[in-house]
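Hello,

Here is the structure we spoke of handing over.

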Amino acid sequence: MSNGASLIFYISSFLTILILTFFFDHIYIKNKRISFLVLFIGIVILTFISGFRYNVGTDYNSYIQMYSGYGYLEPVSRLIFYISNMISTNAQTVIFMYSLLTNVFLFLLLLELRKKMRVTKILALYLFIFFPISLNAIRQGLAMIICLY
(Lines give C-alpha, C1' and ligand atoms only; values in the text may rest on other atoms or scores of the structure.)
Protein backbone atom coordinates (compact mmCIF):
# COMPACT_ATOMS: atom_id res chain seq x y z
CA MET A 1 0.00 0.00 0.00
CA SER A 2 1.34 3.45 -0.83
CA ASN A 3 1.99 6.02 1.87
CA GLY A 4 -1.05 8.05 0.86
CA ALA A 5 -3.32 5.00 0.87
CA SER A 6 -1.95 3.94 4.25
CA LEU A 7 -2.62 7.39 5.68
CA ILE A 8 -6.20 7.35 4.41
CA PHE A 9 -6.72 3.83 5.77
CA TYR A 10 -5.43 4.68 9.26
CA ILE A 11 -7.29 7.99 9.52
CA SER A 12 -10.59 6.50 8.32
CA SER A 13 -10.16 3.57 10.72
CA PHE A 14 -9.41 5.93 13.61
CA LEU A 15 -12.46 8.04 12.77
CA THR A 16 -14.65 4.93 12.65
CA ILE A 17 -13.37 3.84 16.06
CA LEU A 18 -13.88 7.34 17.49
CA ILE A 19 -17.45 7.44 16.16
CA LEU A 20 -18.12 4.10 17.86
CA THR A 21 -16.69 5.38 21.15
CA PHE A 22 -18.75 8.55 20.79
CA PHE A 23 -21.82 6.30 20.70
CA PHE A 24 -20.44 4.45 23.73
CA ASP A 25 -20.21 7.72 25.64
CA HIS A 26 -23.79 8.66 24.79
CA ILE A 27 -25.48 5.26 24.99
CA TYR A 28 -23.77 4.11 28.21
CA ILE A 29 -26.33 5.61 30.59
CA LYS A 30 -29.30 4.24 28.63
CA ASN A 31 -28.14 0.74 27.70
CA LYS A 32 -24.93 -0.62 29.20
CA ARG A 33 -24.90 -3.87 27.18
CA ILE A 34 -25.11 -2.14 23.82
CA SER A 35 -22.55 0.46 24.86
CA PHE A 36 -20.06 -2.24 25.90
CA LEU A 37 -20.65 -4.02 22.59
CA VAL A 38 -20.01 -0.80 20.66
CA LEU A 39 -16.75 -0.17 22.55
CA PHE A 40 -15.74 -3.82 22.12
CA ILE A 41 -16.27 -3.58 18.34
CA GLY A 42 -14.03 -0.50 18.24
CA ILE A 43 -11.29 -2.32 20.14
CA VAL A 44 -11.62 -5.38 17.87
CA ILE A 45 -11.16 -3.15 14.81
CA LEU A 46 -8.06 -1.65 16.41
CA THR A 47 -6.73 -5.13 17.25
CA PHE A 48 -7.12 -6.30 13.65
CA ILE A 49 -5.45 -3.18 12.29
CA SER A 50 -2.42 -3.54 14.53
CA GLY A 51 -2.39 -7.33 14.66
CA PHE A 52 -2.49 -8.03 10.94
CA ARG A 53 -0.17 -5.30 9.75
CA TYR A 54 2.70 -6.40 7.56
CA ASN A 55 6.18 -4.87 7.77
CA VAL A 56 4.93 -1.82 9.70
CA GLY A 57 7.07 -0.44 12.49
CA THR A 58 10.75 -0.20 13.11
CA ASP A 59 11.00 -3.44 15.06
CA TYR A 60 8.63 -5.59 12.97
CA ASN A 61 11.48 -7.50 11.32
CA SER A 62 13.19 -7.97 14.69
CA TYR A 63 10.11 -9.82 15.96
CA ILE A 64 10.08 -12.02 12.87
CA GLN A 65 13.76 -12.86 13.50
CA MET A 66 13.14 -13.46 17.22
CA TYR A 67 10.28 -15.78 16.31
CA SER A 68 12.77 -17.78 14.25
CA GLY A 69 14.94 -18.21 17.34
CA TYR A 70 17.38 -15.33 16.97
CA GLY A 71 17.83 -12.75 19.71
CA TYR A 72 17.29 -12.39 23.44
CA LEU A 73 13.81 -12.49 24.97
CA GLU A 74 12.68 -11.43 28.41
CA PRO A 75 10.71 -14.07 30.35
CA VAL A 76 7.27 -12.56 29.62
CA SER A 77 8.15 -12.15 25.94
CA ARG A 78 9.37 -15.73 25.86
CA LEU A 79 5.96 -16.81 27.23
CA ILE A 80 4.10 -14.76 24.61
CA PHE A 81 6.30 -16.22 21.87
CA TYR A 82 5.71 -19.74 23.24
CA ILE A 83 1.91 -19.30 23.30
CA SER A 84 2.01 -17.77 19.81
CA ASN A 85 3.98 -20.75 18.56
CA MET A 86 1.41 -23.13 20.07
CA ILE A 87 -1.35 -21.32 18.18
CA SER A 88 0.44 -21.11 14.84
CA THR A 89 3.90 -21.45 13.37
CA ASN A 90 3.36 -18.22 11.42
CA ALA A 91 5.51 -15.40 12.83
CA GLN A 92 2.63 -12.95 12.34
CA THR A 93 0.90 -14.66 15.27
CA VAL A 94 3.28 -13.07 17.79
CA ILE A 95 2.51 -9.60 16.38
CA PHE A 96 -1.20 -10.37 16.74
CA MET A 97 -0.72 -11.66 20.31
CA TYR A 98 1.03 -8.45 21.37
CA SER A 99 -1.71 -6.42 19.70
CA LEU A 100 -4.41 -8.46 21.40
CA LEU A 101 -2.84 -8.11 24.84
CA THR A 102 -2.28 -4.37 24.37
CA ASN A 103 -5.86 -3.80 23.31
CA VAL A 104 -7.34 -5.98 26.07
CA PHE A 105 -5.58 -3.76 28.62
CA LEU A 106 -6.71 -0.68 26.67
CA PHE A 107 -10.32 -1.92 26.82
CA LEU A 108 -10.05 -2.49 30.58
CA LEU A 109 -8.45 0.94 31.03
CA LEU A 110 -11.24 2.62 29.06
CA LEU A 111 -13.89 0.88 31.15
CA GLU A 112 -12.14 2.06 34.31
CA LEU A 113 -11.66 5.66 33.14
CA ARG A 114 -15.18 6.10 31.73
CA LYS A 115 -16.27 7.24 35.20
CA LYS A 116 -13.84 10.17 35.14
CA MET A 117 -13.95 11.45 31.56
CA ARG A 118 -15.32 10.69 28.11
CA VAL A 119 -13.91 7.57 26.49
CA THR A 120 -13.81 9.35 23.13
CA LYS A 121 -11.27 11.86 24.45
CA ILE A 122 -9.09 9.16 26.01
CA LEU A 123 -9.15 6.98 22.91
CA ALA A 124 -8.44 9.94 20.61
CA LEU A 125 -5.31 10.71 22.61
CA TYR A 126 -4.30 7.04 22.48
CA LEU A 127 -4.95 6.66 18.74
CA PHE A 128 -3.09 9.75 17.63
CA ILE A 129 -0.22 9.74 20.15
CA PHE A 130 0.40 6.32 21.70
CA PHE A 131 -0.91 3.92 19.04
CA PRO A 132 1.73 4.90 16.44
CA ILE A 133 4.41 4.43 19.11
CA SER A 134 3.04 0.97 19.90
CA LEU A 135 3.45 0.00 16.23
CA ASN A 136 7.13 0.90 16.42
CA ALA A 137 7.88 -0.40 19.91
CA ILE A 138 5.60 -3.39 20.40
CA ARG A 139 6.77 -4.60 23.80
CA GLN A 140 7.08 -1.06 25.13
CA GLY A 141 3.53 -0.30 23.96
CA LEU A 142 2.22 -3.28 25.90
CA ALA A 143 4.22 -2.29 28.98
CA MET A 144 2.96 1.29 28.72
CA ILE A 145 -0.71 0.32 28.59
CA ILE A 146 -0.28 -2.16 31.47
CA CYS A 147 1.28 0.60 33.57
CA LEU A 148 -1.56 2.97 32.70
CA TYR A 149 -4.10 0.34 33.68
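Predicted model: local features only at pLDDT ≥ 70, side-chain atom pairs only at ≥ 80, totals over all residues.

Residues are numbered from 1 along each chain as its sequence is written, and side-chain values use heavy atoms, without hydrogens or water.

Helix α2 spans residues 32-51 and helix α5 residues 92-113; their axes come within 9 Å and cross at roughly 150° (axes are lines fitted to C-alpha atoms over the stretch in contact, with angles from 0 to 180 degrees between N-to-C directions; helices are DSSP runs of H or I, at least four residues, numbered from the N terminus). That makes α2 roughly antiparallel to α5 (over 145 degrees). Residues of α2 in contact with α5 include F36, F40 and F48, and the α5 side includes F96 and F107 (contact means heavy atoms within 4.5 Å).

The structure holds 13 aromatic pairs (ring centres of Phe, Tyr or Trp, the last by its six-membered ring, within 6.5 Å; planes under 30 degrees apart are stacked, over 60 edge-to-face, the rest tilted). F40 and F107 are edge-to-face, because their ring centres lie 6.1 Å apart and their planes are at 80°. This pair joins α2 to α5 across 67 residues. F107 is buried at 16% relative accessible area, whereas F40 is partly exposed at 45% (buried is under 20%, exposed over 50%, partly exposed in between, with a 1.4 Å probe and protein chains only). F48 and F52 are stacked, with centres 5.3 Å apart and planes at 20°.

Regards

Terms used: Helix = DSSP H or I, 4+ residues; strand = E, 2+ residues; numbered from the N terminus. Parallel < 35°, antiparallel > 145°, perpendicular 65-115°, else oblique.
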